[in-house]
Amino acid sequence: MSEAERSRCGSVYQAPPGLESVLAAELDRLGAGDLIWVGPLAISEQPPASSVWALDIWAAPERRKIASIGDAASVLRGVQRNWALVPTGHFRRANLISERLPPVKAAPLVFPQPAPASHLGAWTLLETDELLYSPTKTSPFPSGVPRFVEDREGPPSRAYLKLWEACTRLGRWPQPGETCVDLGSTPGGWTWAIAQLGASVTAVDRAPLAPQVAAMPGVTFRQESAFGIDPVSVERVDWLFSDVIAYPERLLALVRRWIEAGRAARIVMSVKFQGETDFATMDAFAAIPGATLAHLWHNKHEVTFFWADPVAS
């Protein structure tokens, strides 16, 4: 096969809707070079970089000329079984190709349920006669989007989906008998999700919880500022959760206080940006030993900070 028919490119990054410019700025900082944008996909000639903002990263992308719909399906089936289409154009033709591939079972998860373990690749049509595909990618979900069977009656807000996604990504969640603190808890979406798992949770906020959440077994409420608590005065907990709205620098100071006090075995915290993306503070979060950052599908202009005590882990 000639190079004109098949060629490799370095990496492909899928941007969250509306955050293409943020991903582009991050990739520029990471040295991804000039990008070619096709719909939500940023194509780079450089090897894959550790992007926080990408929903999904294609690790071994290739371009391939195709002669027909059947030829495209044959090419993909010849590589592996499971493929997820990322539509970027030529939609009818792409759908006809997709119909000739084995169906991907992507039923909504019933939380708590582990993420799919089966191998999944991604592909799109660059032109009517050109495929872009990668047999490997970072997310086990099509387009990096986890779907859940939602509870539309119990939680007071849809924020619980962010916690579900964070825990699914982590591969761990609070267990019965474990203790948790939920900072900035009102109206109680995260507290509801934690209590549903059977863990004990102390919710902290200056505004009261939704009554149905406050009445749940295992829920204790402290009506005070999340920033006013001295971690040294708190007994060690298994999990510290936070979805507080605050400037990133203030959240960084907060998380450092809890880690230095040794009062949490694990931390899951939303880091929300107001205005421009604060990459410098993101770097400071990422530099904390035991920390990782990720932009979740259910995040807006924010990332989620994960931390685990190396000794406790």
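Colleague: What joins the side chains of Arg81 and Asn82?

Modeller: A polar contact of 2.8 Å. The term covers a pair of N or O atoms within 3.5 Å; within protein, one must be able to donate a hydrogen and the other to accept it, and residues adjacent in sequence count only if both atoms are side-chain atoms. Keep in mind that this is a predicted model: local features need pLDDT of at least 70, side-chain atom pairs count only at pLDDT 80 or more, and totals for chains, interfaces and linings use all residues. Residues are numbered from 1 along each chain as its sequence is written, and side-chain values use heavy atoms, with hydrogens and water left out.

Colleague: Where is Arg81 found?

Modeller: In the loop between α2 (69-79) and β7 (83-85). Helices (H or I, at least four residues) and strands (E, at least two) are DSSP runs, numbered from the N terminus.

Colleague: Which residues does Arg81 touch, not counting those up to four places away in sequence?

Modeller: Pro102 and Pro103. Contact means heavy atoms within 4.5 Å.

Colleague: And how far apart are Arg81 and Asp151 in space?

Modeller: 33 Å, C-alpha to C-alpha. In sequence, Arg81 and Asp151 are 70 residues apart.

Colleague: Switching to domains. What does the assignment give?

Modeller: Domain 1 is 3-144 and domain 2 is 159-308. Such bounds come from an automatic or database domain assignment. The C-alpha centres of the two domains lie 32 Å apart. The contact takes 18 residues from domain 1 and 19 residues from domain 2.

Colleague: How much area do domain 1 and domain 2 bury between them?

Modeller: About 1,500 Å², with 77% of it on carbon and sulfur atoms. Buried area is the accessible area (1.4 Å probe) that two parts lose on being put together, summed over both.

Colleague: Which residues in domain 1 lose the most area to domain 2?

Modeller: Val52, Trp53 and Phe111. Together they make up 46% of what that side buries.

Colleague: How many salt bridges are found across the interface of domain 1 and domain 2?

Modeller: The rule finds 1. A salt bridge here is a side-chain nitrogen of Lys or Arg within 4 Å of a carboxyl oxygen of Asp or Glu. The interface also has 2 residue pairs in polar contact, both at pLDDT 80 or more. The side of domain 1 that touches domain 2 divides into 14 nonpolar, 2 polar and 2 charged residues.

Colleague: Now the backbone. What kind of peptide bond joins Phe111 and Pro112?

Modeller: A cis one, with omega about 0°. Pro112 is in the loop between α3 (91-99) and β8 (121-127). A cis peptide bond also joins Thr186 and Pro187, with omega about 5°. Pro187 is in the loop between β10 (179-183) and α5 (189-196).

Colleague: What about phi at His90?

Modeller: Positive, about 50°, although His90 is not a glycine. His90 is in the loop between β7 and α3.

Note on methods. Nonpolar A, V, L, I, M, F, W, Y, C, P; charged D, E, K, R; others polar.
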